[in-house]
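Here's a quick tour of one model, for someone who likes the cut-offs spelled out. Have a look at it first, then read on.

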Amino acid sequence: MNLLVGIDIQPIDEVESSLRTFGSRYRRLLFTDRELETCGDNSTTSSRLAARFAAKEAVLKILDIQDVVPSWRSIEVGGISDCRPEINLYDVAAELARLQGIRDVFVSFTHSGGVAVATVVASAWSQSEEVSP
């Protein structure tokens, strides 16, 4: 088993600017309905979305992307309320993870001081290793 680590930092003001400039187009391009619902639409929305953006970037850093890049919405940050955050992968992101033997993906993030930071850790199994379902 190998451990993979990805980290990313995202300025919150960049997300605020994109929300002002592109509005719902920006939201729908980058975030799932579940993420948008979790983040709400209030004074903390920009920092929450920035943390999710950083988490998605950190996931992209652990995937061995060569010819195909997953869509932003194929990486979802969920499970926030009353439990630790989780990463859900769909479509191309899920297929890349499966092909690379990535089974478990964990995320931690924070937002303070004008930035959001996310760290992602994943376990990857080589094809020669026996993995139980």
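## Ground rules

This is a predicted model, where local features need pLDDT of at least 70, side-chain atom pairs count only at pLDDT 80 or more, and totals for chains, interfaces and linings use all residues. Residues are numbered from 1 along each chain as its sequence is written, and side-chain values use heavy atoms, with hydrogens and water left out.

Helices (H or I, at least four residues) and strands (E, at least two) are DSSP runs, numbered from the N terminus. Buried means under 20% relative accessible area, exposed means over 50%, and partly exposed is in between (1.4 Å probe, protein chains only).

## Salt bridges

A salt bridge here is a side-chain nitrogen of Lys or Arg within 4 Å of a carboxyl oxygen of Asp or Glu. That rule gives a count of seven salt bridges. One of them pairs D41 with R27, with 3.5 Å between the closest N and O atoms. This pair links distant parts of the chain, 14 residues apart: D41 sits in the loop between α2 (33-39) and α3 (45-62), and R27 in helix α1 (residues 12-30). D41 itself is exposed, at a relative accessible area of 68%.

Next up is R34 with E86, whose closest N and O atoms are 3.7 Å apart. Here helix α2 supplies R34 and strand β3 (residues 86-89) supplies E86, two distant parts of the chain 52 residues apart. Both ends are partly exposed: R34 has 37% relative accessibility, and E86 has a relative accessible area of 32%.

Then there's E35 with K56, a salt bridge at 3.0 Å, N to O. E35 is in helix α2 and K56 in helix α3, so this pair ties together parts 21 residues apart in sequence. Is this pair buried or exposed? E35 is buried, and K56 is too. As for shared partners, salt bridges join R34, E76 and E86 into one network.

## Helix α4

Which residues of helix α4 (residues 91-99) are buried? They are A93, L96 and A97. After α4 comes G101, which has a positive phi, near 75 degrees.

A93 has 0% relative accessibility, so it counts as buried. Contact means heavy atoms within 4.5 Å. Not counting residues up to four places away in sequence, A93 touches L63, P70, S74 and I75.

## Nonpolar cores

A nonpolar core is a set of buried Ala, Val, Leu, Ile, Met, Phe, Trp, Tyr and Cys residues joined through side-chain atoms within 4.5 Å. The largest one has 20 residues, and L63, I87, I102, V105 and V120 have the most contacts inside it. At least two residues of this core come from each of α3, β2, α4, β4 and β5 (115-124). The largest share, six residues, comes from α3.

Another core lies apart from that one and has 13 residues, including L19, L30, F31 and A116.
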